[in-house]
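Subject: Structure handover and findings

Hello,

I am passing on the structure below, as you will be working with it from here.

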Amino acid sequence: MDEVDPVTATLLPLLIAVPLLVAGILVIIGRRARVHAATVLLIPCSSLTASIALVIAVQHGAVLAHGVGLWPVGIAIPLAADMFAALMLTVTSLLIAVCTAFALVCGHGSSRFFAPLVLVLAAGVNGALLTADLFNLFVFIEVMLLPSYGLFVLSARGQAPERRIAGTRLYVAVNLLTSTVFLAGVALIYGTTGTVNLGELGAAAKHDSRVALAGAVCLLALGIKAAVVPVHGWLAHTYPATSPAITALFSGLHTKVAIYAIYRIYAVLFDGDSRYLWIGVTLFSLTMIIGVLGAVGATTTRSILAFHMVSQIGYILFGVALFTEWGLTAGIFYLLHHMIVKASLFLSTGAIETHYGTGALGELSGIARREPWLAAAFFIAALSLAGLPPFSGFVAKLTLIMASLDAAQITATIIMIVVSLITLLSMIKIWSGIFWGPDDTRSPELDGTASTTLTVAPPRASLTLTAPAMILAALTLALGLGAELLMSLAHTAALGLLDPAAYLEAVTRP
């Protein structure tokens, strides 16, 4: 493991402080649309650059750690960046930038509070990924959620009020409940161990059943936030109730931060205890099945994709249920791939919904003829989601299947293959329901001289509206063709979870 410059570690708080500070400044200066738009794109791009620098700094297994304010361990807010955290920071920063650009183009970011809310959300995400303290993990998750409530409401304007209200109510209620449960779990851990610092909790649950029970409460809350079966229904009912841009943004952040926390807590607190892995194998296999079956009966693009999101979360978390070197590697690779691909799918179908006014199957056809770039973006991301070569989804799914076979999980392996086939059929369902067939996008218009009407084809979607989905689709192709680099980085991250000694030492270092 290489030594890293300790000065670099002191810059970690800037990933949290800068977005918060800039968000406050934007609120103070008021409605200045161009300033807001430029700033809300610049900050995530800066975070992306810093995150890539972190990946380079920790590429050989090093861990950057810093106690905010230089207070001693146990008092300072500990921040730590290993390869897993750095990779997550990189992808989340990319998605925030791309999804925000899409929101600005389609008009869903026109509110004066949109940019500040997105920046506060970004600060919460960065904090949740960097913190090495369970209580502060709770705090940063709440920092993520509070602006999300505002974004949910602001970006759903123009939809049916009852749908917006129902979706918002369910989203808020579920997240408040799970936050309360998570905080209770953190309190139980503190009550049994006297600390919530991850550096001081190494393998605590493995050696004390009381800590294991307290940790299980935290994992339960995170499982709800990640939409694991049987507590998954909220996601399919809430994500389609907001705007396509916010759906895409949330798909890459909220559930994925919860998944990251599950990986981290089970690796550190439980030290990968094999006694409980069967629970994960069972739940995550059911999540794959029930999620994809829900997609079969859905009738709108975003509903289908939301149910598929549940199903794919089962795949991602199966890596931690295996808790082997290649199981964790495959799970981390799958997590990063899925964040990109799912956002691309939401953005391509969202562009159609925004431009043509509907995402319901059967109300449009022949979009591939009118929008070849959007069709190509959807086609690439859909094949990647289903796990076909040469895209990143093929590498992710194949590696996970091989890891499952190596762990003698034959039933789970069969489930993965069958669910992949059903996923492909669901993607074909969207393709045939919207993209294929004759061009049926003409709308009636009076001819101005008689009572008859003319059919007028709407203009094609602009390049700025299609570019976000195309960028992410191109990235999944690049990650598939050049999978060796990301697989190597994911393997480094997996080794850090298998043996968290370096992480624990860095976090508790004076």
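The notes below go through confidence, ring pairs, charges, strands and backbone geometry.

This is a predicted model, in which local features need pLDDT of at least 70 and side-chain atom pairs count only at pLDDT 80 or more, while totals for chains, interfaces and linings use all residues. Residues are numbered from 1 along each chain as its sequence is written, and side-chain values use heavy atoms, with hydrogens and water left out.

Confidence

The pLDDT is the predictor's confidence in each residue, from 0 to 100. Its mean over the chain is 88, and 92% of the residues reach 70 or more. Helices (H or I, at least four residues) and strands (E, at least two) are DSSP runs, numbered from the N terminus. Confidence in the chain is highest in helix α9 (residues 209–225), at a mean of 96, and lowest in strand β3 (residues 443–446), at 44. Over residues 443–455 the pLDDT is below 50, and this stretch has 13 contacts in the model beyond near neighbours in sequence; a contact means heavy atoms within 4.5 Å. Where pLDDT is low, the predicted coordinates should not be read in detail.

Aromatic rings

A pair of aromatic rings is described by the distance of the centres and the angle of the planes. Rings of Phe, Tyr and Trp (its six-membered ring) pair if their centres lie within 6.5 Å; planes under 30 degrees apart count as stacked, over 60 as edge-to-face and the rest as tilted. The search of the whole structure gives 18 aromatic pairs. One of them is Y266 with F270, which is stacked because the ring centres are 5.0 Å apart and the planes are at 10°. For burial, the cut-offs are under 20% relative accessible area for buried, over 50% for exposed, and in between for partly exposed (1.4 Å probe, protein chains only). Y266 is buried at 8%, and F270 is buried at 3%.

Y315 and Y334 also form a stacked pair, with 5.4 Å from centre to centre and 20° between the planes. Y315 lies in helix α13 (residues 301–322) and Y334 in helix α14 (residues 325–356), so this pair ties together parts that are 19 residues apart in sequence. Y315 is buried, with a relative accessible area of 0%, and Y334 is buried with a value of 0%. Elsewhere, ring pairs link Y149, F152, Y171, W234, Y239 and F250 into a cluster.

Charges

A charge sits over a ring if NZ of Lys or CZ of Arg is within 6 Å of the ring centre and within 35 degrees of the ring normal. K397 lies over the face of Y315, 4.6 Å from the ring centre. The charged end of R264 sits over the ring of Y503, at 4.4 Å from its centre.

The structure has six salt bridges, each a side-chain nitrogen of Lys or Arg within 4 Å of a carboxyl oxygen of Asp or Glu. Among them is E353 with R302, whose closest N and O atoms are 2.8 Å apart. E353 is in helix α14 and R302 in helix α13, so the pair ties together parts that are 51 residues apart in sequence. Both E353 and R302 are buried. In the salt bridge of R509 with E505, the closest N and O atoms are 2.7 Å apart. R509 is partly exposed at 42% relative accessible area, and E505 is partly exposed at 41%. Another salt bridge joins D208 and R210, with the closest N and O atoms 3.0 Å apart.

Strands

Strand β1 pairs with strand β2 (residues 78–81) in the antiparallel sense over four bridges; strands pair if DSSP finds at least two bridges between them. A65 stands opposite A80 in β2.

Backbone geometry

Most residues other than glycine have a negative phi, and most peptide bonds are trans. A cis peptide bond joins V229 and P230, with omega about 10°; P230 is in the loop between α9 and α10 (233–238). Another cis peptide bond joins P389 and P390, with omega about 5°.

D271 is not a glycine, yet its phi is positive, near 55°. D271 is in the loop between α11 (244–268) and α12 (277–297) and is partly exposed, at 26% relative accessibility. A408, also not a glycine, has a positive phi of about 65°. A408 is in the loop between α17 and α18 (410–435) and is exposed, with a relative accessible area of 56%.

Regards
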